[in-house]
Amino acid sequence: MKTSIPLLGLLLASSTTAWAATETTKIERLEQLEKQVAELKKEVNTNTKTATDLTPKIKVGGAVRFQYSYEDYDDDNKDRGGDFDFDVFRLDVNGSIGDVKLSAQYRWYQYMNVIHHADVAY
């Protein structure tokens, strides 16, 4: 029985070393996989458009302009104390929807209505 105890100890020691090496390899592989998953998540987050990215961000604005003129060389204008007239009404639309940008302006004058500009860009 004396020879079986050292043999049993030798077998036990070698199996423990093999088990520890296998477990270390498994832990290292698990850490590598966790790093890869983190990198993939980061890549997906940077390449994926969220609902807030696609929400239209549009600003509507404009202006109304009037003018007053007093013409002392025109007797009718002089008698009225001058003229207060409508000059222009302007409507602006600017913004973006995702990667598409837009800008437009429409103007109403006394004598005509006109598109000032209408741009769409990607």
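Trp108 sits in strand β3, which spans residues 100–109; helices (H or I, at least four residues) and strands (E, at least two) are DSSP runs, numbered from the N terminus. The model is predicted, so that local features need pLDDT of at least 70 and side-chain atom pairs count only at pLDDT 80 or more, while totals for chains, interfaces and linings use all residues. Residues are numbered from 1 along each chain as its sequence is written, and side-chain values use heavy atoms, with hydrogens and water left out.

The protein holds three helices and four strands, in the order α-α-β-α-β-β-β from the N terminus. Of its 122 residues, 8% count as buried (under 20% relative accessible area; exposed is over 50% and partly exposed in between, with a 1.4 Å probe and protein chains only).

Strand β3 has a partner in β2 (residues 83–97), joined to it in antiparallel fashion by ten bridges; strands pair if DSSP finds at least two bridges between them. Here Ser96 has Lys101 of β3 as its bridge partner. The two strands form a hairpin with two residues between them, and Gly98 in the turn has a positive phi of about 65°. Strand β3 also pairs with β4 (residues 113–121), again antiparallel, over eight bridges. Arg107 stands opposite Val114 in β4, and a hairpin of three residues joins β3 to β4.

Trp108 itself is partly exposed, at 28% relative accessible area. Beyond its neighbours within four places in sequence, Trp108 is in contact (heavy atoms within 4.5 Å) with Phe86, Asp87, Val88, Phe89, Leu91 and Asn113. The C-alpha atoms of Trp108 and Leu91 are 8.7 Å apart.
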